[in-house]
Amino acid sequence: MARNEEKAQSMLNRFITMKAEEKKKPKERRPFLASECRDLNEADKWRQQIMREIGRKVAEIQNEGLGEHRLRDLNDEINKLIREKVHWERRIVELGGPNYARHSAKMTDLDGNIVDVPNPSGRGPGYRYFGAAKKLPGVRELFEKPPELRKRRTRYDIYKRINAAYYGYRDDEDGILEPLEAAAEKDMQREADEEWHRLDMIRKEARKAVRSGEVAEVTTAAREILHEEEEDVVEEERMKEREMRDKSDMKEREFIVHVPLPDEKEIEKMVLQKKKTDLLNKYVSDVLMEEQTEAKDLLNIHR
(Lines give C-alpha, C1' and ligand atoms only; values in the text may rest on other atoms or scores of the structure.)
Protein backbone atom coordinates (compact mmCIF):
# COMPACT_ATOMS: atom_id res chain seq x y z
CA MET A 1 0.00 0.00 0.00
CA ALA A 2 1.45 3.34 -1.05
CA ARG A 3 2.10 6.05 1.46
CA ASN A 4 0.27 9.40 1.47
CA GLU A 5 3.25 11.26 0.00
CA GLU A 6 3.40 8.83 -2.92
CA LYS A 7 -0.34 9.21 -3.48
CA ALA A 8 -0.02 12.99 -3.66
CA GLN A 9 2.75 12.70 -6.23
CA SER A 10 0.83 10.37 -8.46
CA MET A 11 -0.22 11.62 -11.88
CA LEU A 12 -3.93 11.33 -11.16
CA ASN A 13 -3.83 13.35 -7.97
CA ARG A 14 -1.80 16.10 -9.59
CA PHE A 15 -4.27 16.23 -12.47
CA ILE A 16 -7.25 16.53 -10.09
CA THR A 17 -5.51 19.29 -8.12
CA MET A 18 -4.75 21.23 -11.29
CA LYS A 19 -8.38 21.04 -12.45
CA ALA A 20 -9.62 22.22 -9.04
CA GLU A 21 -7.33 25.25 -9.18
CA GLU A 22 -8.53 26.09 -12.67
CA LYS A 23 -12.12 26.12 -11.49
CA LYS A 24 -11.28 28.54 -8.68
CA LYS A 25 -11.71 32.23 -9.32
CA PRO A 26 -8.60 34.36 -9.32
CA LYS A 27 -7.78 35.68 -5.85
CA GLU A 28 -9.20 39.14 -5.44
CA ARG A 29 -6.99 41.89 -4.12
CA ARG A 30 -8.26 44.56 -1.77
CA PRO A 31 -8.57 47.93 -3.49
CA PHE A 32 -5.88 50.44 -2.55
CA LEU A 33 -8.45 53.22 -2.13
CA ALA A 34 -11.75 52.68 -0.36
CA SER A 35 -13.41 55.19 -2.66
CA GLU A 36 -12.94 52.77 -5.60
CA CYS A 37 -15.43 50.32 -4.06
CA ARG A 38 -19.03 50.82 -5.18
CA ASP A 39 -20.73 47.88 -3.47
CA LEU A 40 -21.73 47.91 0.19
CA ASN A 41 -21.24 44.15 0.61
CA GLU A 42 -17.77 44.34 -0.93
CA ALA A 43 -16.82 47.21 1.41
CA ASP A 44 -18.07 45.25 4.41
CA LYS A 45 -16.07 42.20 3.25
CA TRP A 46 -12.83 44.20 2.96
CA ARG A 47 -13.43 45.71 6.39
CA GLN A 48 -13.84 42.21 7.85
CA GLN A 49 -10.61 41.15 6.17
CA ILE A 50 -8.76 44.08 7.75
CA MET A 51 -10.26 43.22 11.13
CA ARG A 52 -8.93 39.63 10.86
CA GLU A 53 -5.46 40.91 9.97
CA ILE A 54 -5.51 43.29 12.91
CA GLY A 55 -6.58 40.46 15.22
CA ARG A 56 -3.71 38.22 14.07
CA LYS A 57 -1.12 40.96 14.51
CA VAL A 58 -2.49 42.01 17.91
CA ALA A 59 -2.23 38.38 19.07
CA GLU A 60 1.33 38.23 17.78
CA ILE A 61 2.41 41.48 19.44
CA GLN A 62 1.51 40.12 22.88
CA ASN A 63 4.76 38.11 22.84
CA GLU A 64 7.40 40.15 24.71
CA GLY A 65 10.24 37.96 23.41
CA LEU A 66 9.99 39.20 19.81
CA GLY A 67 12.46 42.00 20.38
CA GLU A 68 12.13 45.76 20.33
CA HIS A 69 12.47 46.20 16.55
CA ARG A 70 9.92 43.51 15.68
CA LEU A 71 7.46 44.89 18.25
CA ARG A 72 7.78 48.39 16.82
CA ASP A 73 7.27 47.09 13.27
CA LEU A 74 4.17 45.13 14.31
CA ASN A 75 2.78 48.16 16.12
CA ASP A 76 3.32 50.31 13.01
CA GLU A 77 1.56 47.72 10.85
CA ILE A 78 -1.40 47.56 13.23
CA ASN A 79 -1.76 51.35 13.23
CA LYS A 80 -1.61 51.34 9.44
CA LEU A 81 -4.38 48.73 9.26
CA ILE A 82 -6.46 50.72 11.76
CA ARG A 83 -6.20 53.83 9.58
CA GLU A 84 -7.24 51.75 6.56
CA LYS A 85 -10.16 50.33 8.54
CA VAL A 86 -11.31 53.86 9.35
CA HIS A 87 -11.33 54.69 5.63
CA TRP A 88 -13.46 51.62 4.86
CA GLU A 89 -15.86 52.41 7.71
CA ARG A 90 -16.26 55.92 6.37
CA ARG A 91 -16.90 54.46 2.90
CA ILE A 92 -19.52 52.07 4.32
CA VAL A 93 -21.36 55.02 5.86
CA GLU A 94 -21.25 56.82 2.50
CA LEU A 95 -22.78 53.75 0.79
CA GLY A 96 -25.64 53.70 3.32
CA GLY A 97 -24.29 51.09 5.71
CA PRO A 98 -24.01 51.12 9.53
CA ASN A 99 -21.60 53.40 11.38
CA TYR A 100 -19.04 51.03 12.93
CA ALA A 101 -16.86 53.86 14.23
CA ARG A 102 -19.47 54.71 16.86
CA HIS A 103 -18.79 51.47 18.75
CA SER A 104 -15.04 51.24 18.19
CA ALA A 105 -12.82 50.01 21.03
CA LYS A 106 -10.96 52.51 23.20
CA MET A 107 -7.25 52.43 23.96
CA THR A 108 -6.26 51.51 27.52
CA ASP A 109 -3.06 51.82 29.53
CA LEU A 110 -1.24 49.11 31.50
CA ASP A 111 -3.78 49.39 34.33
CA GLY A 112 -6.80 49.11 32.03
CA ASN A 113 -7.76 52.78 32.15
CA ILE A 114 -9.04 54.34 28.93
CA VAL A 115 -6.50 56.70 27.34
CA ASP A 116 -7.53 59.35 24.86
CA VAL A 117 -5.00 59.50 22.01
CA PRO A 118 -5.68 62.61 19.91
CA ASN A 119 -4.72 62.80 16.27
CA PRO A 120 -2.96 66.01 15.19
CA SER A 121 -4.79 65.90 11.85
CA GLY A 122 -8.16 65.81 13.61
CA ARG A 123 -9.40 62.82 11.57
CA GLY A 124 -9.54 59.32 13.02
CA PRO A 125 -7.67 57.96 16.03
CA GLY A 126 -4.09 58.86 16.83
CA TYR A 127 -1.10 56.54 17.08
CA ARG A 128 -1.77 53.63 19.43
CA TYR A 129 0.35 51.05 21.23
CA PHE A 130 -0.70 47.42 21.68
CA GLY A 131 0.43 44.46 23.79
CA ALA A 132 4.11 44.35 24.64
CA ALA A 133 4.71 47.60 22.73
CA LYS A 134 3.30 49.47 25.74
CA LYS A 135 6.30 48.33 27.79
CA LEU A 136 8.98 49.50 25.34
CA PRO A 137 11.52 52.14 26.46
CA GLY A 138 10.07 55.60 26.04
CA VAL A 139 6.51 54.28 25.68
CA ARG A 140 5.83 53.34 29.29
CA GLU A 141 6.38 56.98 30.30
CA LEU A 142 3.55 58.04 27.98
CA PHE A 143 1.04 56.00 30.00
CA GLU A 144 2.34 57.04 33.41
CA LYS A 145 0.40 59.92 34.86
CA PRO A 146 2.51 62.61 36.52
CA PRO A 147 1.98 62.87 40.28
CA GLU A 148 -0.63 65.41 41.21
CA LEU A 149 0.98 68.28 43.04
CA ARG A 150 -1.21 69.70 45.74
CA LYS A 151 -1.48 73.35 44.99
CA ARG A 152 -0.97 75.55 47.98
CA ARG A 153 -3.89 77.83 48.62
CA THR A 154 -3.13 81.51 48.36
CA ARG A 155 -4.54 84.23 50.54
CA TYR A 156 -6.90 85.15 47.71
CA ASP A 157 -8.31 81.59 47.59
CA ILE A 158 -8.83 81.59 51.35
CA TYR A 159 -10.65 84.91 51.41
CA LYS A 160 -12.70 83.93 48.37
CA ARG A 161 -14.52 81.31 50.46
CA ILE A 162 -15.32 83.74 53.27
CA ASN A 163 -18.85 85.13 53.16
CA ALA A 164 -21.44 86.50 55.55
CA ALA A 165 -22.10 83.05 57.01
CA TYR A 166 -18.45 82.81 58.10
CA TYR A 167 -18.93 85.84 60.39
CA GLY A 168 -22.23 84.52 61.76
CA TYR A 169 -24.53 87.01 60.05
CA ARG A 170 -26.80 84.24 58.78
CA ASP A 171 -27.14 82.30 62.02
CA ASP A 172 -30.63 83.69 62.48
CA GLU A 173 -31.78 82.26 59.15
CA ASP A 174 -31.40 78.60 60.12
CA GLY A 175 -34.38 78.71 62.53
CA ILE A 176 -32.45 76.97 65.34
CA LEU A 177 -30.62 79.77 67.11
CA GLU A 178 -33.57 82.15 67.55
CA PRO A 179 -35.70 79.86 69.81
CA LEU A 180 -32.67 79.02 71.96
CA GLU A 181 -31.70 82.66 72.33
CA ALA A 182 -35.30 83.65 73.12
CA ALA A 183 -35.55 81.05 75.92
CA ALA A 184 -32.16 82.07 77.37
CA GLU A 185 -33.09 85.75 77.15
CA LYS A 186 -36.34 85.15 79.06
CA ASP A 187 -34.48 83.30 81.85
CA MET A 188 -31.86 86.05 82.14
CA GLN A 189 -34.54 88.76 82.20
CA ARG A 190 -36.53 86.92 84.85
CA GLU A 191 -33.44 86.47 87.06
CA ALA A 192 -32.52 90.16 86.63
CA ASP A 193 -36.08 91.23 87.60
CA GLU A 194 -36.06 89.03 90.66
CA GLU A 195 -32.69 90.39 91.76
CA TRP A 196 -33.79 93.98 91.25
CA HIS A 197 -37.00 93.46 93.22
CA ARG A 198 -35.05 91.83 96.06
CA LEU A 199 -32.59 94.72 96.28
CA ASP A 200 -35.40 97.25 96.04
CA MET A 201 -37.23 95.69 98.99
CA ILE A 202 -34.04 95.72 101.07
CA ARG A 203 -33.43 99.42 100.27
CA LYS A 204 -37.00 100.34 101.14
CA GLU A 205 -36.78 98.55 104.51
CA ALA A 206 -33.47 100.30 105.29
CA ARG A 207 -34.87 103.75 104.40
CA LYS A 208 -38.00 103.10 106.49
CA ALA A 209 -35.91 102.11 109.49
CA VAL A 210 -33.70 105.22 109.13
CA ARG A 211 -36.71 107.56 108.92
CA SER A 212 -38.37 106.04 111.98
CA GLY A 213 -35.12 106.22 113.96
CA GLU A 214 -35.19 102.56 114.85
CA VAL A 215 -32.18 100.31 114.75
CA ALA A 216 -32.63 98.22 111.67
CA GLU A 217 -31.63 94.61 111.84
CA VAL A 218 -28.99 93.95 109.25
CA THR A 219 -29.90 90.82 107.41
CA THR A 220 -27.57 88.65 105.40
CA ALA A 221 -28.87 90.05 102.11
CA ALA A 222 -28.45 93.65 103.32
CA ARG A 223 -24.95 92.85 104.53
CA GLU A 224 -24.07 91.50 101.06
CA ILE A 225 -25.41 94.62 99.38
CA LEU A 226 -23.55 96.93 101.76
CA HIS A 227 -20.38 94.89 101.26
CA GLU A 228 -20.70 95.15 97.48
CA GLU A 229 -21.28 98.92 97.67
CA GLU A 230 -18.28 99.28 99.99
CA GLU A 231 -16.11 97.30 97.58
CA ASP A 232 -17.18 99.56 94.71
CA VAL A 233 -16.28 102.66 96.70
CA VAL A 234 -12.90 101.22 97.66
CA GLU A 235 -12.20 100.29 94.04
CA GLU A 236 -13.05 103.81 92.87
CA GLU A 237 -10.71 105.30 95.49
CA ARG A 238 -7.93 102.95 94.36
CA MET A 239 -8.43 103.98 90.76
CA LYS A 240 -8.22 107.66 91.70
CA GLU A 241 -5.04 107.10 93.71
CA ARG A 242 -3.49 105.15 90.82
CA GLU A 243 -4.31 107.97 88.38
CA MET A 244 -2.82 110.59 90.70
CA ARG A 245 0.31 108.48 91.13
CA ASP A 246 0.68 108.06 87.36
CA LYS A 247 0.34 111.80 86.83
CA SER A 248 2.98 112.55 89.47
CA ASP A 249 5.34 109.98 87.91
CA MET A 250 4.90 111.59 84.50
CA LYS A 251 5.71 115.00 85.92
CA GLU A 252 8.85 113.64 87.59
CA ARG A 253 9.98 111.97 84.37
CA GLU A 254 9.59 115.13 82.30
CA PHE A 255 12.93 117.01 82.09
CA ILE A 256 14.54 119.38 79.65
CA VAL A 257 18.17 119.18 78.59
CA HIS A 258 19.63 122.34 77.08
CA VAL A 259 22.43 121.35 74.68
CA PRO A 260 23.97 123.90 72.34
CA LEU A 261 23.78 122.63 68.78
CA PRO A 262 26.60 123.53 66.36
CA ASP A 263 25.76 125.46 63.23
CA GLU A 264 26.80 124.57 59.65
CA LYS A 265 30.14 126.38 59.77
CA GLU A 266 31.19 124.64 62.96
CA ILE A 267 30.20 121.27 61.48
CA GLU A 268 32.28 121.95 58.32
CA LYS A 269 35.21 123.01 60.47
CA MET A 270 35.00 119.83 62.55
CA VAL A 271 34.84 117.64 59.40
CA LEU A 272 37.84 119.43 57.90
CA GLN A 273 39.83 119.00 61.11
CA LYS A 274 38.97 115.28 61.15
CA LYS A 275 40.20 114.86 57.54
CA LYS A 276 43.44 116.70 58.35
CA THR A 277 44.05 114.47 61.34
CA ASP A 278 43.46 111.32 59.26
CA LEU A 279 45.85 112.49 56.52
CA LEU A 280 48.52 113.40 59.08
CA ASN A 281 48.24 110.01 60.77
CA LYS A 282 48.52 108.25 57.42
CA TYR A 283 51.59 110.34 56.45
CA VAL A 284 53.30 109.64 59.78
CA SER A 285 52.64 105.90 59.47
CA ASP A 286 54.08 105.86 55.92
CA VAL A 287 57.22 107.70 57.05
CA LEU A 288 57.69 105.34 59.96
CA MET A 289 57.35 102.35 57.64
CA GLU A 290 59.97 103.74 55.26
CA GLU A 291 62.40 104.45 58.09
CA GLN A 292 61.86 100.96 59.47
CA THR A 293 62.53 99.44 56.03
CA GLU A 294 65.73 101.46 55.61
CA ALA A 295 66.94 100.42 59.05
CA LYS A 296 66.33 96.76 58.23
CA ASP A 297 68.23 97.11 54.96
CA LEU A 298 71.20 98.69 56.76
CA LEU A 299 71.26 95.98 59.37
CA ASN A 300 70.63 93.20 56.81
CA ILE A 301 67.54 92.07 58.64
CA HIS A 302 65.15 90.14 56.41
CA ARG A 303 62.00 88.61 57.85
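Buried residues have a relative accessible area under 20%, exposed residues over 50%, and partly exposed residues lie in between (1.4 Å probe, protein chains only). The views below come from a predicted model, in which local features need pLDDT of at least 70 and side-chain atom pairs count only at pLDDT 80 or more, while totals for chains, interfaces and linings use all residues. Residues are numbered from 1 along each chain as its sequence is written, and side-chain values use heavy atoms, with hydrogens and water left out.

**View 1. Helices α3 and α4 pack against each other.** Helix α3 spans residues 40-60 and helix α4 residues 68-94, and their axes come within 9 Å, crossing at roughly 160 degrees. Helices here are DSSP runs (H or I, at least four residues), numbered from the N terminus, and the axes are lines fitted to C-alpha atoms over the stretch in contact, with angles running from 0 to 180 degrees between N-to-C directions. The two helices are therefore roughly antiparallel, a term for angles over 145 degrees. The crossing of α3 past α4 is left-handed, meaning that the near helix is turned anticlockwise from the far one by less than a right angle.

View 2. With contact taken as heavy atoms within 4.5 Å, residues of α3 including L40, W46, I50 and I54 meet residues of α4 including L74, I78, L81 and W88. The residues of this contact divide into 13 nonpolar, no polar and ten charged, where Ala, Val, Leu, Ile, Met, Phe, Trp, Tyr, Cys and Pro count as nonpolar, Asp, Glu, Lys and Arg as charged, and the others, Gly among them, as polar.

**View 3. K57 and E77 form a salt bridge.** A salt bridge is a side-chain nitrogen of Lys or Arg within 4 Å of a carboxyl oxygen of Asp or Glu, and the closest N and O atoms of K57 and E77 are 2.8 Å apart. The pair links distant parts of the chain, since K57 lies in helix α3 and E77 in helix α4, 20 residues apart. K57 is partly exposed at 22% relative accessibility, and E77 is likewise partly exposed at 30%.

View 4. R91 counts as buried at 12% relative accessibility, whereas E94 is exposed, with a relative accessible area of 54%.

Terms used:
Angles under 35 degrees count as roughly parallel, over 145 as roughly antiparallel, 65 to 115 as roughly perpendicular and the rest as oblique.
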